[in-house]
Amino acid sequence: MSTHEKYMQRCLELARKGAGSVSPNPMVGCVIVHNNTIIGEGYHQRYGEAHAEVNAVRSVARPELLTESTLYVTLEPCAHFGKTPPCSDLIVEKKIPKVVIGTIDPFAKVAGRGIEKLKKAGIEVTLGVLESECRDINKRFFMFHQKQRPYIILKWAQTQDGFIDVKRNAADFGEPTWITGNDALVRVHQLRAEEDAIMVGTNTAEKDDPSLTVRHCEGKNPLRIVLDQNLRLSQNLKLFDQSTPTLVFNATENEVRENTEFIAVDFDKKLLPRILEVLYQKNILSLIVEGGRQLLQSFIDRNLWDEAQVYTGPKKFGSGVPAPALDLSEATTEIIGQDVLKLVRNQNPG
């Protein structure tokens, strides 16, 4: 590992601390190095607050050393006025002579302009250090700006024999059919805490009565989304408890009731792109699609997914609701307690 890579690796470690707190901004980490010693560190901690570069500069005990230092940052310093002033202006103002950047910012208001501003000020810029890692940590941010939609994560649990549920009638509604164990449950709630939104279909909402909140780890609740074309779901379901913001996509009604917003859309072949467009307008960077089978398969069939997380528990149902059809042959495998998690990335998402 080169010197540049060593310090960029530290930037990545810092950036990850912002997971779940900075959206719709990217996660960014920054270190400042003087004579092979880190003299300042920072990361973007919360949306609307200071960026990584600002926090790193503020942490330097001897500011006079900045004029002899190198600043490392995972993402191109911003060049526009947003919630905070441009970080590129701060770097120029502090006369930091060298800047090492992981990757260019895809956001149209930055997209190379930060680098251009630094170079015009005579600052030596090195670009592309651990670029793939720096892009991956902000895969949601890149997808959002490049395809104008959230990063989509499909998630479900299935049995050894390939079912996600047993056949149930109304008398069996109200609780999910548990397939995986507690370790997997904690992992799923950690995922919820890091993503912006989570979606289920009408049948899952009715059968499982899910809360779709974060309860088995620390973190914020995602925006809850449910599809209910004919508004047949009972308002007594947990999704309508007003505890956290919730969107209800339906065919007829536009209305806001306390913490629940009803949005009318056409339920036709373009339903999913329409929903994703609404979420893009609402600055939702990432979406977990958690079920049921029909909804998950519709995302798969339209190639509107970026990542799938499929848990397989030790149970067998023999019959029931089959799992969505998705090729998992290229998936990575992880053992989580008594369960197996397969994670696959879509190499050519729509």
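This report walks through the sheet, a helix, the cores and a few residues of a predicted model.

## Ground rules

Residues are numbered from 1 along each chain as its sequence is written, and side-chain values use heavy atoms, with hydrogens and water left out. Since the model is predicted, local features need pLDDT of at least 70 and side-chain atom pairs count only at pLDDT 80 or more, while totals for chains, interfaces and linings use all residues.

## The 10-strand sheet

Let's start with the open sheet of 10 strands, which has mixed pairing and the order β11-β12-β10-β9-β8-β13-β6-β14-β17-β16. Strands here are DSSP runs (E, at least two residues) and helices are too (H or I, at least four), numbered from the N terminus. Two strands pair if DSSP finds at least two bridges between them. At the edges stand β11 (255-257) and β16 (332-336); each has a single partner strand, so one side of each is left without a neighbour in the sheet. From one strand to the next, the twist averages 20° (axes are lines fitted to C-alpha atoms, for helices over the stretch in contact, with angles from 0 to 180 degrees between N-to-C directions).

Within this sheet, β9 (residues 223-227) and β10 (residues 246-250) are parallel partners, held by 4 bridges. Val226 has Val248 in β10 as its bridge partner.

## Helix α9 and the cores

Which residues of helix α9 (residues 271-281) are buried? They are Leu271, Leu272, Ile275, Leu276 and Leu279, where buried means under 20% relative accessible area, exposed over 50% and partly exposed in between (1.4 Å probe, protein chains only). Looking down the axis of α9, these buried residues fall within an arc of 130°, so they line one face of the helix; the arc is that of the directions from the helix axis to the C-beta atoms. They pack against β6 (151-158), β8 (197-200), β9, β10, β13 (286-291) and α10 (293-301), with contact meaning heavy atoms within 4.5 Å. Just past α9, Asn283 has a positive phi of about 60°.

The largest nonpolar core has 35 residues, and Leu154, Trp156, Ile225, Leu279, Leu287 and Phe299 have the most contacts inside it. Such a core is a set of buried Ala, Val, Leu, Ile, Met, Phe, Trp, Tyr and Cys residues joined through side-chain atoms within 4.5 Å. α9 gives the most to this core, with 5 residues. A second, separate core has 28 residues, including Val73, Cys87, Ile123 and Phe144.

## Two buried residues

Asn250 sits in strand β10 and is buried, at a relative accessible area of 0%. A polar atom of its side chain lies 3.2 Å from the backbone oxygen of Val248. Beyond its neighbours within four places in sequence, Asn250 contacts residues including Asp228, Gln229 and Phe262.

Leu341 belongs to strand β17 (residues 339-345) and is buried as well, at 3% relative accessibility. Not counting residues up to four places away in sequence, Leu341 touches Arg187, Tyr311 and Ile336, among others. Its C-alpha atom is 9.3 Å from that of Ala331, 10 residues apart along the chain.

## Strand β3

Over in β3 (residues 70-75), 6 of the 6 residues are buried, so the strand is largely enclosed by the rest of the structure. Strand β1 (residues 29-34) runs antiparallel to β3, with 4 bridges joining them, and Val31 stands opposite Tyr72 in β3. Strand β4 (residues 98-103) pairs with β3 in the parallel sense over 5 bridges; there, Leu71 stands opposite Val99 in β4.

Conventions: Polar contact = N/O pair within 3.5 Å; in protein donor to acceptor, adjacent residues only side chain to side chain.
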